[in-house]
Amino acid sequence: MTGYIISVLVSAGIFALLAQGLNLHWGYTGLLNFGVVAFFAVGAYTMAVLVSVFDWPLWAAMAAAMLAAAVLGVLVALPAIRLRSDYLAITTLAVGEICRIVLHSSPGVVDLTGGPSGIRGYSHDFFGLRETLGLQWMTGLEFLMAAVWIVVLLVLLVVTVMIRSPWGRVLKGIREDEDAMRALGKNVVAYKMQSFAFGAALAGLAGVFFALNLSSITPEAFLPMISIYAWVIILIGGGGSLLGPVVGSVLFWALFNATTFIPSEWMSSQDAAYLRLILVGLLIMVMVLLRPQGLLGNRKELLRESRH
Amino acid sequence: MKADTELATDPDAGATAAAEAEAFLTADDVVMTFGGLRAVDGASFDAPLGRITALIGPNGAGKTSLFNVISGFYRPRSGVVRVNGVDRTGKPPHVMCRHGVARTFQLTKALARMTVLDNMRVAAPRQVGEIMFGAMLAPWRVRAQERANTTRADELLERFGLTRLRDSYAGELSGGQRKLLEMARALMLRPRMLLLDEPLAGVNPTLGVQLLDHVQALRDEGMGFVLVEHDMDAVMRVCDAVTVMANGRTIARGTPAEVQADPVVIEAYLGAEDD
């Protein structure tokens, strides 16, 4: 049981960061991003390559990972963000796949990333911190869990301050009506870029912890499914609410990992893996039918929108 | 009323008789095309401060397109738009705002899932807190600005009779209330010239009268207005000058009385009703 809780909390923390990035894009700015996995992958790989190939210290590699994800965000947004939102969705979906394929088989890149065989040996620094901090009584996984959740809370704090500031108010305005905001003197494109880059950096940070949770990463760990998980989490927790991604992520992973409790006499582990996808699908349907605004979303806000 | 003095435009406005005579906003020979359609085909137009200028014409005359050119939403194919004597042709809307030209929309654009107060505050110009990380780097300055903007928003809401709805979501407002909110919101920008696109469309008569009263009061305080409007009675009653468009061109300009008597105008309207 303890093993289950810890593994749920590690995944939930990582995906809470990822979903918070998406929440910034979709929940607060109205940008349809179906390729958060791209920023997740770039964050993970930037950290892994810098630490294991170039021997960077972990903290610097982490900062670089966020920066790299943000830069990719700007590059994607530059041509795409002026497009209608559904085109942005298609573009981002493609960027997610492009990233994975480049990491997998692009010459030059593969020399650093190891291509399909992946990259390893980037996590000693992180788990070494346990001794430095005198926390040997924790298992590695417990230590990771604690670190992720400290970061989740810090990010929550920063995002809360930003969303409640006039900057966040402009983003919400853009979500509501872009033209109105232009008429009110706001440089809409600039704000969308900022939101996109910031959300991408959070996804990159999530990618760093995702990599630390695995002894090696391969491009196959970054399938489009990751982006879908982030969307499911937003759907459960509620977009446009600060705690939504956090709560959504915990519930998602609690359900997702719950199939491990099914005794093997009842069902093979492979069948159980399918079963959890079915469960997630059911959960989405129930949510959309009974609580379309998500658990923490504002029902009043949603009703207003549907009246238009 | 305190709000009234607050609404006075920039100190450098120099609202002297001379400045008023020289139009604040001018459009010269503007051409705007959509594919093969010349929606605006060499229209010229000007609007001084301290006056309400109406832009009228039959449907499809190109009023709204001209309006979108002036407010920076469309970039004209040719022609010049000047604000306060400076060429601002093709500048985006947020730049036009900075130079004192604001607009409202025919179909109101209330920010539905935001409160009425936030609809107002988001419009305030030059907010330090709107810079990314601004609220973290200069929290005290942001808080002081927020207080000032809230005060101003409350004054405007009171002036427009929306105080009661301050904390409601804008999506809960009626059509007429949204029009009022949109106008109040545009005033947060402290514009010198406000462009109103069919302010009376979809508004009940009582609220319409109220709205025009506000416009006239603000005009008397020195602001300029451009009005695209179909309600002729209202136009003739409140406007100081009228420009008439037909087929993308300006065909007449003058006082309401002059324009009403102009045979060219009468023909344009009657002609348009034939098709």
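**Strands, helices and exposure**

Reply: Three bridges join strand 6 of chain B to strand 7 of chain B, and the two strands run parallel. Within this pair, A102(B) stands opposite L194(B) of strand 7. The model is a predicted one.

Me: Why is strand 7 of chain B called largely enclosed?

Reply: A residue is buried if 20 or more other C-beta atoms lie within 10 Å of its own. Five of the five residues of strand 7 (residues 193-197) of chain B are buried, so the strand is largely enclosed by the rest of the structure. M193(B), L195(B) and D197(B) point one way, L194(B) and L196(B) point the other way, and all are buried. In a regular strand the side chains alternate between the two faces of the sheet.

Me: What makes strand 6 and strand 10 of chain B edge strands?

Reply: The open sheet in chain B has six strands in the order 6-7-8-3-9-10, with mixed pairing. Strand 6 (101-103) and strand 10 (249-254) of chain B each pair on one side only, and they are the edge strands. Neighbouring strands of this sheet are turned by 20 degrees against each other on average, direction ignored.

Me: Which strand pairs with strand 3 of chain B over four bridges?

Reply: Strand 3 (residues 52-56) of chain B is joined by four bridges to strand 9 (residues 241-246) of chain B, and the two run parallel. L55(B) has T243(B) of strand 9 as its bridge partner.

Me: What makes the radius of gyration of chain B agree with that of a compact globule?

Reply: For 275 residues, a compact globule would have a radius of gyration near 19 Å; chain B has 19 Å, so the two agree. Along the principal axes, the C-alpha atoms of chain B fill a box of roughly 60 × 40 × 40 Å. Chain B contains twelve helices and ten strands, and buried residues make up 48% of its 275 residues.

Me: How do you know that the span of helix 1 of chain A agrees with its number of residues?

Reply: Helix 1 (residues 2-29) of chain A has 28 residues, which at 1.5 Å a residue should span 40 Å; the end C-alpha atoms are 38 Å apart, so the values agree. Just after helix 1 of chain A, G30(A) takes a positive phi of about 75 degrees.

Me: Why is helix 1 of chain A called mostly covered?

Reply: Of the 28 residues of helix 1 of chain A, 22 are buried.

Me: Why does V264(B) count as exposed?

Reply: The exposed class requires 12 or fewer neighbours. V264(B) has 11 C-beta neighbours inside 10 Å and therefore counts as exposed. This residue is found in helix 12 (residues 263-274) of chain B.

Me: Why is P107(A) called exposed?

Reply: P107(A) has 7 other C-beta atoms within 10 Å, and is therefore exposed. P107(A) lies in the loop between helix 4 (85-105) and helix 5 (109-113) of chain A. The C-alpha atoms of P107(A) and L296(A), 189 residues apart along the chain, are separated by 45 Å.

Me: Why are D29(B) and R190(B) called partly exposed?

Reply: Partly exposed residues fall between the exposed limit of 12 or fewer and the buried limit of 20 or more. D29(B) has 15 other C-beta atoms within 10 Å, and is therefore partly exposed. R190(B), with 19 C-beta neighbours inside 10 Å, therefore counts as partly exposed. D29(B) lies in strand 1 (residues 25-34) of chain B, and R190(B) in the loop between helix 8 (175-187) and strand 7 of chain B.

Me: What is the phi of D29(B) and of R190(B)?

Reply: D29(B) has a phi near 55 degrees, a positive value in a residue other than glycine. For R190(B), also a residue other than glycine, phi is near 50 degrees.

Technical notes
Residues are numbered from 1 along each chain as its sequence is written. Chains are lettered from A and ligands numbered from 1 in the order in which they are written. This is a predicted model: local features need pLDDT of at least 70, side-chain atom pairs count only at pLDDT 80 or more; totals for chains, interfaces and linings use all residues. Two strands pair if DSSP finds at least two bridges between them. Axes are lines fitted to C-alpha atoms, for helices over the stretch in contact, and angles run from 0 to 180 degrees between N-to-C directions. The expected span of a helix is 1.5 Å times one less than its number of residues. The radius of gyration is taken over C-alpha atoms; the globule rule is 2.2 Å times the number of residues to the power 0.38.
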